[in-house]
Amino acid sequence: MSTLGNGGGSSRVALVTGGSRGIGLGCAEALKSSGHRVAITYNTSTPTVAEETGLLAVRCDVTDPSEVDTAFKRVEADLGPVEILVANAGITRDSLLLRMSEESFSAVLETNLFGSFRTVKRAVRPMMRARWGRIVLVSSIVGQTGLQGQTNYAASKSGLVGLARSVAKEFAARGVTVNVVAPGPIHTDMLSGISEERRDEMVSRVPLGRIGTVGDVAGVVGFLTSEEAGYITGAVIPVDGGMHMGNYVG
Ligand SMILES: NC(=O)c1ccc[n+]([C@@H]2O[C@H](COP(=O)([O-])OP(=O)(O)OC[C@H]3O[C@@H](n4cnc5c(N)ncnc54)[C@H](OP(=O)(O)O)[C@@H]3O)[C@@H](O)[C@H]2O)c1
């Protein structure tokens, strides 16, 4: 194992779901530049940027358990057992509760919560055997605060906290840590649909006075997956420019 730019830690095998763009791609690039061997999953997009930057790109729809298993097998064959998992793949399907269809509610839960359950479950056995693992689930501040129009998304993101903390307790004795990052508004495709007015209104509620970058989230994920973060588990770390400080239990 080489010791590259990750604080003197080992080169590990990392997998980032939904790493074709946005926060996932930022996390994957940060992990790679820390010296890890990194794979990403993509679903509908062509993973051009990922491949150009030397990441192993594997197709996987996290709503399909067999695709999750196949993706892990491919990473295990090409890079080795996954030691760092960033469960990041996520979608929104917003509408007010009275107009929220069963389909929109379950599609978001299937991807964001069940998809994370599947990837965590598939990842954890080899980590347990190796007595070392780092899992980070990408939630959202909305999972703690709620938001009009996002009953499905908020339910899925708050579910991740219970999932993470339960898995953290089940596998703590095996050297596996499980933490959650809860981003506020971050510049990605997910935010591109909102109006300028709504964006300005959001910024006005961020004490640090700006929308976050994928690098802001990737830096925290990089730390939580490092050797140095070995005494942190079951934590929820907001990356929100202070937007909701003091308003939820971390
Ligand atoms: N941006 C924000 O403001 C913000 C704030 C808080 C939390 N988050 C969370 O951060 C995570 C990443 O968000 P983002 O802003 O980077 O979103 P994004 O730019 O829309 O990217 C979403 C990623 O998820 C993948 N994905 C979607 N459905 C999938 C499925 N069924 N199976 C596998 N992969 C799937 C996409 O793959 P394809 O490209 O192949 O479709 C893409 O890589 C999400 O969990 C999101 O909820 C974002």
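Ser104 is found in helix α4 of a predicted model, in which local features need pLDDT of at least 70, side-chain atom pairs count only at pLDDT 80 or more, and totals for chains, interfaces and linings use all residues. Residues are numbered from 1 along each chain as its sequence is written, and side-chain values use heavy atoms, with hydrogens and water left out. Helices (H or I, at least four residues) and strands (E, at least two) are DSSP runs numbered from the N terminus.

**Packing of α4 with α6**

- Helix α4 (residues 102–130) packs on helix α6 (residues 151–171) at an angle of about 15°, their axes being 8 Å apart, where axes are lines fitted to C-alpha atoms, for helices over the stretch in contact, and angles run from 0 to 180 degrees between N-to-C directions.
- α4 is therefore roughly parallel to α6, a label for angles under 35 degrees.
- On the α4 side the contact (heavy atoms within 4.5 Å) includes Ser104, Phe105, Val108 and Asn112, while the α6 residues taking part include Asn152, Tyr153, Leu160 and Phe171.
- The residues of this contact between α4 and α6 comprise 14 nonpolar, 7 polar and 1 charged, with Ala, Val, Leu, Ile, Met, Phe, Trp, Tyr, Cys and Pro counted as nonpolar, Asp, Glu, Lys and Arg as charged, and the others, Gly among them, as polar.

**Two residues of the contact**

- Ser104 counts as buried because its relative accessibility is 15%, buried meaning under 20% relative accessible area with a 1.4 Å probe and protein chains only.
- Not counting residues up to four places away in sequence, Ser104 touches Arg93 and Asn152.
- Tyr153, placed in helix α6, counts as buried because its relative accessibility is 9%.
- Leaving aside neighbours within four places in sequence, Tyr153 is in contact with Ile91, Thr92, Val108, Asn112, Ser140, Val142 and Met190; the C-alpha atoms of Tyr153 and Ile91, which lie 62 residues apart along the chain, are separated by 7.9 Å.

**Helix α6 and its surroundings**

- The 21 residues of α6 reach 30 Å from the first C-alpha to the last, close to the 30 Å expected at 1.5 Å a residue, the expected span being 1.5 Å times one less than the number of residues.
- Buried residues of α6 include Asn152, Tyr153, Lys157 and Phe171, and the buried residues of this helix pack against α4, β5 (133–138), α5 (142–145), β6 (176–183), α7 (189–192) and β7 (236–239).

**Packing of α3 with α4**

- Helix α3 (residues 65–78) and α4 pack at about 35°, with axes 9 Å apart.
- Pro65, Val68, Asp69, Phe72, Lys73 and Glu76 in α3 meet Arg118, Thr119, Arg122, Ala123 and Pro126 in α4, a contact with 5 nonpolar, 1 polar and 5 charged residues.

Key:
Angles under 35 degrees count as roughly parallel, over 145 as roughly antiparallel, 65 to 115 as roughly perpendicular and the rest as oblique. Buried means under 20% relative accessible area, exposed over 50%, partly exposed in between (1.4 Å probe, protein chains only).
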